[in-house]
Amino acid sequence: ADQETALADHAGASALFNDKQSAREWRLGANAGASVGRLTLLGELAYHLDEDLASGHQLPRYAAYSELSVLIMRGVEAALTYDFLDPEMRIRRNGLHRMGASVELYPFPSAELRLLYRYSPLPGQHEAFTMLHLFF
């Protein structure tokens with residue numbers, strides 16, 4: 001297959017256990033992505049459990065993120081995003097949803113300028129911002 005139609009993919013996982021004096025925390029994560037031509041689809045899922053050792057109370061939660069991006073031209077990408085957070089898995093219907101759209105500019109190899117708008121169905125949760133990443 002030529003480079004325009006070749007499939008590129010990746011997958012990864014992460015884990016963390018932190019045993020503190022008064023609490024324990026567990027984090028598990030998985031991510032994956034695939035690209036075909038100018039389109040890229042990314043996804044990530046994270047599970048987080050905090051435990052208070054004195055009370056035995058546990059707080060389970062998870063978050064998910066997905067992104068579909070397209071390379072407009074060299075150094076310019078556009079993306080649509082969706083992210084979800086369930087801050088307390090034992091409570092029904094308390095998840096937070098956000099949808100977003102962005103334009104990402106890469107003016108030189110070690111810099112990214114991102115213009116992003118995120119929408120949430122909750123009142124007052126709309127965001128528009130600019131991020132500058134400098135890589136070294």
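Me: Besides residues up to four places away in sequence, which residues does W26 touch?

Reply: The model is a predicted one, in which local features need pLDDT of at least 70 and side-chain atom pairs count only at pLDDT 80 or more, while totals for chains, interfaces and linings use all residues. Residues are numbered from 1 along each chain as its sequence is written, and side-chain values use heavy atoms, with hydrogens and water left out. A contact means heavy atoms within 4.5 Å. Leaving aside residues up to four places away in sequence, W26 touches L16, F17, Y47, H48, L49 and E51.

Me: In which strand is W26 found, and which residue of β3 stands opposite W26?

Reply: Strands are DSSP runs (E, at least two residues), helices are runs of H or I of at least four residues, and both are numbered from the N terminus. W26 is found in strand β2. The residue opposite W26 in β3 is L49.

Me: Is W26 buried, partly exposed or exposed?

Reply: Buried means under 20% relative accessible area, exposed means over 50%, and partly exposed lies in between (1.4 Å probe, protein chains only). The relative accessible area of W26 is 28%, so W26 is partly exposed.

Me: How many bridges join β2 to β1, and how many join β2 to β3?

Reply: Two strands pair if DSSP finds at least two bridges between them. Strand β1 (residues 7-19) runs antiparallel to β2 (residues 23-36), and A11 has A32 of β2 as its bridge partner. Strand β3 (residues 39-52) also pairs with β2 in the antiparallel sense. The bridges number 13 between β1 and β2, and 14 between β2 and β3.

Me: How many residues lie between the strands of the hairpin formed by β2 and β3?

Reply: The hairpin of β1 and β2 has 3 residues between its strands. In the hairpin of β2 and β3, G37 in the turn has a positive phi of about 60°. The number of residues between β2 and β3 is 2.

Me: Which residues does S66 touch, not counting those up to four places away in sequence?

Reply: S66 lies in strand β4. With a relative accessible area of 26%, S66 is partly exposed. Apart from residues up to four places away, S66 touches L42, G43, L80, T81 and Y82.

Me: What is the phi of R93?

Reply: Most residues other than glycine have a negative phi. R93 lies in the loop between β5 and β6, and its relative accessibility of 79% means that it counts as exposed. The phi of R93 is positive, near 55°.

Me: How many helices and how many strands does the protein have?

Reply: Read along the sequence, the pattern is β-β-β-β-β-β-β-β. The count is therefore 0 helices and 8 strands.

Me: What radius of gyration does the protein have?

Reply: The radius of gyration is taken over C-alpha atoms, and the globule rule is 2.2 Å times the number of residues to the power 0.38. A compact globule of 136 residues would have a value near 14 Å. The C-alpha trace spans about 55 × 40 × 30 Å along its principal axes. The radius of gyration of the protein is 18 Å.
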